[in-house]
Amino acid sequence: MPQDIYDKIMMLAKRRGYIYPSFEIYGGVAGFYDYGPLGSQLKNNVENLWRNFFLLKDNCIEINTPTITPHDVLKASGHVEEFTDLTVDCEKCKRSYKVEDIIDDNISVEQAVKEDKLKCPTCGKKLKDAHPVNLMFSTTIGAGKGRAAFLRPETAQGIFTNFHLLYRYNRERLPFGVIQIGKGYRNEISPRQGMLRLREFSMAEAEVFFDPEDKKHPNFDSVKDKKLFLFDNEKEFKISLEEAVNKKIINNQALAYYMYLTQDFLFSAGVDPKKFRFRKHSSDELAHYAIECWDAELYSKRFGWIECVGIADRSAYDLNAHIDFTGIDMYALKKFAEPKVVNVKKFVPKMNVMGPLFKDKAGRIKELLEKIDVKNKRKVSVEVDGETVEIPENCYEIVETKEKIMGEKFVPHVIEPSYGIDRVVYFLLEHNYAEIKKKGEEYRILKLTPQMAPIKVGVFPLIGDKKLVNIAKEIDKNLRNAGIETYYDDGGTIGRRYARMDEIGTPFCITVDHDTLEDNTVTVRDRDTTQQERIKQEQLTDYFQDTFAF
RNA sequence: GCGGAUAUAAUCUAGUGGUUAUGAUAUUGGCUUCCCAAGUCAAUCGCCCGGGUUCAAAUCCCGGUAUCCGCACCA
């Protein structure tokens, strides 16, 4: 079988300790991959670079929330509905449909299934065995029946459910961004595409909260002339952030800014700019919570364009959902320049009338009555213990008072850049993989950037001479003490050792040779040029530290 | 989930209903003392899982799992 680049990369990844299929000795499980020693390190480097962009450059705050999420949270967010579609398969034409898509408007999904009224819209065949397709992994919290829960399908809800605390932490100022890096889970029906479609995956998400009327970013001006790489489903083009926003290609500054931050991050990590573009979601492919979404797509020789980052405008969808479900105040306050004094009409209960009339319910009715807007005067009623209680007019007065209003409450909008870290890691391997011929033999180089490379420096004695070995080992130790990942190697020939380092992407190799004994210098070899320069032994740490800083 | 193909060592691969499964790479240890996978000697590691047919199965059949391709799905 001919091997394409994906096969070659996965072979190299397995052989060299980047990526292994999970639980392989038990036959493997589709949609799960392990990171080996080098893969873990590469992934850490990707995540840390990402933090550098969002935590430092963009001044976000980072939190960590559980992966197990109670049913109600995901019910409120809309995920439970979106994930439990009833599906039927047609044996004749081999298609599957959502039940709700193929039934008449006047019949419910339950009825249609019960009364066996499902027909294939393509061939007319009767359909049976409607079954729910739920893409969330479910579990329970606690013993026995416990409390229904899911493994989270995204990290975002953990941020939304803390919004009121985070808003306070941020001293009630907008905009502010909250990031989280962690695992997400989707029980894919058939995970194809190897590393690119996992059932358990790492995501890095930022939820940035904005005033809906002011979706501007403080850093926008500093990047407004930079070019974004866009794709409009016909052609690819480059356009400045400012122009894209002015022409309404991108709806607002905030979205454009995070698109640029994403592009900048991916290029810094070593994504090939020629294999990168942003594509806008059409209205029918938008997620249930999104009003606008741009995908950062990366090109794979085997799989084509693959979404690696989604940058969505989630509007106030999620916060509203949690407010509706819990009643928790998740509003932000837009302070007026001057407090406004307004006239407010309020119901003021007369407890001497209500007490005898409603007895033990009077207290609760009072509280509910005080919350009712006076405008709905015609029918004054409240819900208590599932009953509607009409409140007679003699139970209250309507009193007009002056109130000071400091500002206007609103539910913030959210711009969400959401990264599939595993996909980014895979694409760094694919985009940086190079093959050349050396003496007619295939020679592989992984051209990872110095910041991303798991091993930064190979350290070798030219030959196994004790004196050279001792010096090399000392250099190795010093570099490690300075925080630089090294790999000491004195096995085989020098060429073999260089080759080994090239294949795993190590950007530099130090060789201690006979001249070292004379003048205390070593050679430093550059992976991509194979050029060497002589550096004083004691200058090595300084020489490298700058190179590897983020 | 449907249809098709495939599954031999860490990686690639030859091969066959019948003794101890081929070769290369890799890895480890020598020799060589050497600046880009050199040579040499030695060692290490394997027939995806389960069931069936058979005197005998890694090979044939069935089921499972995984991978790849096509369809469907992909918030």
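Which residues does N52 touch, not counting residues up to four places away in sequence? In this predicted model, N52 touches K57 and F550.

**N52**
- N52 sits in helix α2, which spans residues 37–57.
- With a relative accessibility of 16%, N52 counts as buried, because the cut-off for buried is under 20% relative accessible area.
- Its contacts, once residues up to four places away in sequence are set aside, are K57 and F550.

**Nonpolar cores**
- The largest nonpolar core contains 75 residues.
- Y18 and F54 have the most contacts inside this core.
- Another core, of 19 residues, lies apart from the largest one; I61, I63, F163 and V411 are among its members.
- In soluble globular proteins, nonpolar side chains tend to be buried together.

**Cysteines**
- A search of the whole structure turns up 0 disulfides.
- For C60, the closest cysteine sulfur is that of C293, at 18 Å. This is too far for a bond, because a disulfide requires the two sulfur atoms to be within 2.5 Å.
- C60 counts as buried, at 5% relative accessibility.
- C509 is also buried, and its relative accessible area is 0%.

Conventions
Residues are numbered from 1 along each chain as its sequence is written. Chains are lettered from A and ligands numbered from 1 in the order in which they are written. This is a predicted model: local features need pLDDT of at least 70, side-chain atom pairs count only at pLDDT 80 or more; totals for chains, interfaces and linings use all residues. Side-chain values use heavy atoms; hydrogens and water are left out. A nonpolar core is a set of buried Ala, Val, Leu, Ile, Met, Phe, Trp, Tyr and Cys residues joined through side-chain atoms within 4.5 Å. Buried means under 20% relative accessible area, exposed over 50%, partly exposed in between (1.4 Å probe, protein chains only). Helices (H or I, at least four residues) and strands (E, at least two) are DSSP runs, numbered from the N terminus. Contact means heavy atoms within 4.5 Å.
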